Amino acid sequence: MLRTNIPGTSPYEPIIGFSRAVRIGNHVYVSGTGPVGAEDASPAEQTRVALNIIRNALEKAGAGFEHVYRTRMFLARVEDWEEIGRAHGEVFGEILPAATMVVAPLLNPKWHVEIEADAYIPEA
C-alpha cells in the first residue's frame, strides 16, 4: 500500500522527526496539531488555528473535514473544555466524528489545545 508523508510547517517536525500527516491508502492520520503562531490567542482561537492547520494537511492528502471520522483534543486546562469544544463544533457539528478530550500538559506551555484527526477517503 502506498504511503505518503505530508510535511507541515511546525518547528518541532525536524526535531522530533514526524510528518504533519501520513496517508496510507485511503486513510489519513494527522499528527497532534498545536496552534503554532497563535500562542497568545484564546482557547477558541487556538482551536480554530489548529483546525486550519489540520484542514491544510487533509487537503494536501486529498481529503477534507467531511472525511474525518475521529478527533482527539488534548487540553492543557479542563476549564477550557467548553470553549474549545464549541470551536471544534463549528467545524464538526454536522460531521460528528468520534471525539475525545483529554487533559494533559502540552509541548508548548502557552498552548491551550492540541488536536489529532483521522480520516478515510472513500473509493471514487
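**The sheet and the helices across it**

Tutor: The protein contains three helices and six strands (DSSP runs numbered from the N terminus, H or I of at least four residues for helices and E of at least two for strands). The model is predicted, so local features need pLDDT of at least 70 and side-chain atom pairs count only at pLDDT 80 or more, whereas totals for chains, interfaces and linings use all residues. Residues are numbered from 1 along each chain as its sequence is written, and side-chain values use heavy atoms, with hydrogens and water left out.

Along the sequence, the elements follow the pattern β-α-β-β-α-β-α-β-β. The C-alpha atoms of the protein fill a box of roughly 40 × 35 × 20 Å, taken along the principal axes.

The part to examine is an open sheet of six strands, in the order β1-β2-β3-β6-β4-β5 and with mixed pairing (two strands pair if DSSP finds at least two bridges between them). The edges are β1 (3-6) and β5; each has a single partner strand, so one side of each has no neighbour in the sheet. On average, and with direction ignored, neighbouring strands are turned by 10° against each other (axes are lines fitted to C-alpha atoms, for helices over the stretch in contact, and angles run from 0 to 180 degrees between N-to-C directions).

β1 runs antiparallel to β2 and is joined to it by four bridges, with Asn-5 opposite Val-22 in β2. Strand β2 (residues 21-24) in turn pairs with strand β3 (residues 27-33), again in the antiparallel sense and over four bridges. Across this pair, Ala-21 stands opposite Val-30, and Arg-23 stands opposite Val-28. The hairpin of β2 and β3 has two residues between the strands, and in it Gly-25 takes a positive phi near 60°.

At the other end of the sheet lies strand β4 (residues 68-75), which is antiparallel to strand β6 (residues 113-120) and joined to it by seven bridges. In that pair, Thr-71 has Ala-117 of β6 as its bridge partner. β4 also pairs with strand β5 (residues 98-103), in the parallel sense and over six bridges, and here the bridge partner of Phe-74 is Val-102 in β5. From β4 the chain crosses through α3 to β5 in a right-handed β-α-β crossover (with the strands pointing away from the viewer, the path from the first strand over the helix to the second runs clockwise).

Helix α3 lies across β4, β5 and β6, and runs at about 160° to β4.

These two helices also meet one another. The axes of helix α2 (residues 43-60) and helix α3 (residues 81-92) come within 8 Å and cross at roughly 35°. On the α2 side, the contact is made by Pro-43, Ala-44, Thr-47, Arg-48 and Leu-51. On the α3 side, the residues are Glu-83, Ile-84, Ala-87, His-88, Glu-90, Val-91 and Phe-92.

How values were computed: Contact = heavy atoms within 4.5 Å.
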